[in-house]
Amino acid sequence: MVDNKEVSDDILKFKDGAGWGYRHQQCIILFFVLTIGYSMRSCMGVALVAMTDDSIEKLNVTEFKGENATKEFEAEGFFNAIMLVPPYPKFGWTKKVQETIIASFFWGYMLLQLPAGQLAHRFGAKYLLTGALIVNSVISILLPTATYYGGWYCAVVCRLTQGLSQACILPGLHTTLGKWAPLHERGRLSAFVYGGQALGTVFGLPLTGFISASPMGWPGIFRFYGVVSGLMAVLVCFFVYDTPAQHLKISAAEKEYIENDLGSSEGKKKMPVPWLKILSHRGVWAIIVAHIGQTWGQLVLYSEVPAYMNNIMGVNIKANGMLTALPFLMMWFSNFFFSWFTDWLIVNNITSVTNTRKIANSLGNIPAGIGLIVLAYAPNDIYVVETILVIICIFKISAHCGFQINHIDIAPNYAGTMMSISNFISNMGASLAPIVIGFILTDVRDQYLWRQVFFLAAGLYLVTNLVYVIFGTSEKAEWNDPPQEGDVEESKPMMTENKK
């Protein structure tokens, strides 16, 4: 028999931040899912530096296996033919072709966002995340061989397929957080999980550089991530639960603490998504606009900075990954401060939830926008450039405690669906970003053209943040908890009694 007083005391401990529980275990696993996902996403910028050689295109070499490859490369033996042993081919891909390969991930990522949100809402996130990781594993392992024999066309197909599967990750994470992250800890738990975006880049960029410079070569990059993704899929399948009610070992106190704040979904019928109400909500559109600016800026930092460091700063590929990753390591550390700071503001009633989200978003976007403008005029000094990138990233992570978790504030029951909507629209813009940048960068060694790339990203950071500050809100929507059939029946006697 459960002691109600003991449960109540434990709930108070949880509210005071003293109770470690299974909600933290769930968030740790989700953090590693996102870390792996972002490592696989961000590795392509550095990998392309290792995969390509400008001189091949200039030599006007005949197309080789569907694309310009080194004339000297000839497959000798089975293991060499499937690219398990060196030498490895290099490709004479133009900057536009390389940007198309980068963009292809976002084409797939964008297309499946809305269906992924619906799948997470109806069936839960556990199996959706497991499936996404398995698909990423298989495609990543096959990508080098497919690219060699099928050229950049196959590289595009592989990255597009990875984008399709990774479209399930953010809606899945948001759906799970909507069931596991109570308001008093929402900033810390959500920011910890989404810190995987920063740490994934920290691991992804230097690892990509080291692996590509090792005997495994650039094919080893994709094989490594494929194996890690497969192992993570097993972990998610056995240890992630869609709701506290489904968890086999959670204590009664922790379960009640979470459900008192978020509401219990146990025994409730899955309600249809109120699409019209979501799409007519002012706060949702404020989130979408903020998401567009963040996604474009992230793509510039993740995919274009490695090329900038290589072509303008002249940094070798091994150092390129390390130097590009350092700002994201600092971003990960600052993530803990901003998540604690925003929760502290809310718990101590210093600012409202709405104003806290706007402050966090502004701290993320305004320094990032100003920093990119400064970067556009920075001298060709690696220490100056690296310092600017570190400052940008230290502040940029604050936006994760702003717009990124705002969906959960407005409607925790539909957080995954709302994330899929904002992620879909924002990635429509992101899918165009590499193409636009490819047209701007007609000469990748022209610093003036890079300046235009940074100006564009800076402008989007500042303008989208202004829109969010004006129109954003964190008030819980009335349509988050639609009346259940049982609730309606139970309320009838009370209504009759009140009339008497």
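Predicted model: local features only at pLDDT ≥ 70, side-chain atom pairs only at ≥ 80, totals over all residues.
**Entry 1. Salt bridges**

I began with the charged pairs and found that the structure holds six salt bridges. One of them joins the side chains of R23 and E185, with an N to O distance of 2.9 Å. I noted that R23 sits in helix 2 (residues 22-51) and E185 in helix 9 (residues 183-194), so that this pair links distant parts of the chain, 162 residues apart. R23 is buried at a relative accessible area of 0%, and E185 is also counted as buried, at 6%.

I then looked for a further partner of R23. E254 forms a salt bridge with R23, the closest N and O atoms being 3.0 Å apart. Because R23 lies in helix 2 and E254 in helix 12 (residues 252-262), this pair ties together parts that are 231 residues apart in sequence. Both residues of the pair are buried.

Within helix 12 I looked up K255 and E259, which are four residues apart and therefore separated by about one helical turn. Their salt bridge has its closest N and O atoms 3.4 Å apart. K255 is partly exposed at 23% relative accessibility, whereas E259 counts as buried at 15%. Returning to shared partners, I recorded that salt bridges join R23, E185 and E254 into one network.

**Entry 2. R159**

The nearest side chain of opposite charge is that of E99, 11 Å away.

**Entry 3. Helix 20**

I checked the span of helix 20 (residues 447-471), which has 25 residues. From first C-alpha to last it reaches 37 Å, close to the expected 36 Å.

**Entry 4. Nonpolar patch**

I found a nonpolar surface patch of about 590 Å², made by I366, I370, I373, V374, Y377, F455 and L462. Helix 16 (353-376) and helix 20 are the elements that give two or more residues to this patch. Helix 16 gives the most, with four residues. I looked up L462 in helix 20 and found that L462 is partly exposed, with a relative accessible area of 31%.

Methods. Residues numbered from 1 in each chain as written. Heavy atoms only, no water. Expected span 1.5 Å × (residues − 1). Patch = residues over 30% accessible without salt bridge, like charges linked within 9 Å, V, L, I, M, F, W, Y side chains within 5 Å. Areas by Shrake-Rupley, 256 points an atom, 1.4 Å probe, with all protein chains shown as cover. Salt bridge = Lys/Arg side-chain N within 4 Å of Asp/Glu carboxyl O. Buried < 20%, exposed > 50% of the residue type's maximum accessible area, 1.4 Å probe, protein only. Lys, Arg positive; Asp, Glu negative; His and termini not counted.
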